[in-house]
Amino acid sequence: MRVIRTAAAQLGPIQRDEGRPSVVARMIALMDEAKGRGATFIVYPELALTTFFPRWHHEDRAEADVWFEASMPSAETQPLFDRAREHGMGMSFGYAELTPEGRHFNTSILVDPEGRIAATYRKIHLPGHVEYDPERTHQHLEKRYFEPGDLGFPVWRFMGGIVGMCICNDRRWPETYRVMGLQGVEMVVLGFNTPSVNSQKGTEALGDRMFHHKLSVQAGAYQNATWVVAVAKAGDEDGHHLMGGTVIVDPDGKIVAEVEGEADGVVVHDCDLDATRFGKETIFDFARHRRIEHYGRITAQTGAEVAV
Ligand code: ING
């Protein structure tokens with residue numbers, strides 16, 4: 001048994017005018033609760049430090065830099081790193097990264113129990129659009145504010161296992177999990193901010209959105225025999241609702257823990273990384289079963305090409 005007692009720490013809404021110190025205090029409270037339940041690793045949402053700002057249009061993109069972190073840790077996030085080190089707890093959270101070269105990424109990190117940043121991931125699948133779209137009920141300007149990630153889908157030796165990261169929309173693409181699965185990933189951690197309303201299809205029911213979210217993370221877990229920890233930022237942010245759905249999914253694709261509701265909340269589960277072995281050595285023994293001579297289109301084509 002190689003158990004990581006993992007906490008999925010959902011954040012409720014962060015209003016546009018809520019400062020980082022207030023959010024960090026909420027994250028620390030969740031960390032303390034997780035510690036009290038014996039957790040050694042805690043996972044927070046995508047863009048955990050601010051409101052989901054891609055819903056707001058800034059004509060001058062430089063104005064949006066206020067939502068980005070130019071350093072990590074910073075004076076405002078250092079208390080989170082300090083508390084994690086005091087607790088001897090690993091952590092992962094997402095934030096908007098502004099690099100010294102002036103590049104902008106939707107980023108997540110792994111921080112080891114000694115408080116060192118052990119890994120960085122930059123979101124690859126960016127949903128939404130670049131320019132203000134008056135046809136939409138709300139804006140989703142991730143393509144305006146972020147570049148696609150340039151680091152691929154790596155995995156790392158972390159907390160005694162093989163851990164990978166992705167972010168929000170990445171979870172809807174099977175390639176995300178398979179690239180990590182082909183590196184032996186045993187736990188994928190991800191945060192998400194998912195609007196409850198489809199800005200282009202107002203009739204889509206929230207139930208459908210939750211179904212598609214769970215379908216995606218459960219399939220990714222099962223088809224790659226890996227744990228998946230998916231953590232929401234949820235609730236009403238300045239009149240814009242984000243759905244919940246924080247879950248821990250086991251390597252059989254089963255949801256083993258879930259945060260109810262849309263407020264700050266944490267669930268803890270003993271994730272035995274050895275539970276990935278059976279799937280990896282039988283039904284998803286990639287070396288024995290995959291037929292890559294037939295998969296060429298997956299990397300040769302970006303869009304579908306109908307030739308019949
Ligand atoms: N949010 C959403 C997500 O992928 C979305 C965007 C929602 C795309 C529903 C398609 C359908 O969960 C982010 N931040 O990627």
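The buried residues of α4 pack against β6 (155-158), β7 (161-167), β8 (187-192), α5 (206-223), β9 (227-232) and α7 (286-289). Contact here means heavy atoms within 4.5 Å, and buried means under 20% relative accessible area (1.4 Å probe, protein chains only). Helices (H or I, at least four residues) and strands (E, at least two) are DSSP runs, numbered from the N terminus. The model is predicted: local features need pLDDT of at least 70, side-chain atom pairs count only at pLDDT 80 or more, and totals for chains, interfaces and linings use all residues. Residues are numbered from 1 along each chain as its sequence is written, and side-chain values use heavy atoms, with hydrogens and water left out.

Helix α4 covers residues 174-181. Its buried residues are Thr176, Tyr177, Met180 and Gly181. Seen down the axis of α4, they fall within an arc of 125°, so they line one face of the helix. The arc is that of the directions from the helix axis to the C-beta atoms.

Helix α1 (residues 20-36) has 17 residues, which at 1.5 Å a residue should span 24 Å. The expected span is 1.5 Å times one less than the number of residues. The end C-alpha atoms of α1 are 24 Å apart, in agreement. Among its buried residues are Val23, Met27 and Leu30. The buried residues of α1 pack against β1 (3-10), β2 (41-43), α2 (78-87), β3 (90-98) and β14 (265-272). Gly38, with a positive phi near 85°, follows α1.

Key:
Buried means under 20% relative accessible area, exposed over 50%, partly exposed in between (1.4 Å probe, protein chains only).
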